[in-house]
Amino acid sequence: MSIRIVRLGSPRAADEGLRIGTVRRPPRGVPKTAFASQDWYDCWYPNLAPSAETMALGQAAQGSGDAKAWAGFRRQYLREMNQPEASRNLDLLAALSHGTNLSVGCYCEHEARCHRSLLRELLAARGAAIG
């Protein structure tokens, strides 16, 4: 069993399990009834998405390719995920990964400049089975 880190909207793997959207907003122009069938997500879980302020930092870092901007986003997002509620959410997903397949993701094209790369690190540090 494991957690996959995925780009939402990409084709699902055969054994991917429940797909969780860790995004601030649902996909634009997609009917709610089509989220799962169009491979966006089965469950919307914005609890692990960057705050609006942090997301703006991340978007600026993506667009500029600036290492300093990315470091600022990284620092801010990790600070958010270190808060008790977010930390417990990460602990829960890590524990679930040992008994079931699931995936978490967002819309960004490149994982290297996206919060999902940081989710990968955070979940692995908690002993999640990363697939």
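A: Start with W70. At 12% relative accessibility, W70 is buried. Buried here means under 20% relative accessible area, with exposed over 50% and partly exposed in between (1.4 Å probe, protein chains only). F73 is buried too, at 3%.

This is a predicted model: local features need pLDDT of at least 70, side-chain atom pairs count only at pLDDT 80 or more, and totals for chains, interfaces and linings use all residues. Residues are numbered from 1 along each chain as its sequence is written, and side-chain values use heavy atoms, leaving out hydrogens and water.

Now the pairing rule. Rings of Phe, Tyr and Trp (its six-membered ring) pair if their centres lie within 6.5 Å; planes under 30 degrees apart are stacked, over 60 edge-to-face, the rest tilted. The count is four aromatic pairs. One of them joins W70 and F73: it is tilted, with 5.1 Å centre to centre and 35° between the planes.

The helix sets the spacing. W70 and F73 are three residues apart in helix α2 (residues 67–81), so about one helical turn separates them. Helices are DSSP runs (H or I, at least four residues), numbered from the N terminus.

F73 also pairs with Y77. That pair is stacked, at 6.0 Å centre to centre and 10° between the planes. F73 and Y77 lie four residues apart in helix α2, so about one helical turn separates them. Y77 is buried, at 0% relative accessibility.

Notes. Helices (H or I, at least four residues) and strands (E, at least two) are DSSP runs, numbered from the N terminus.
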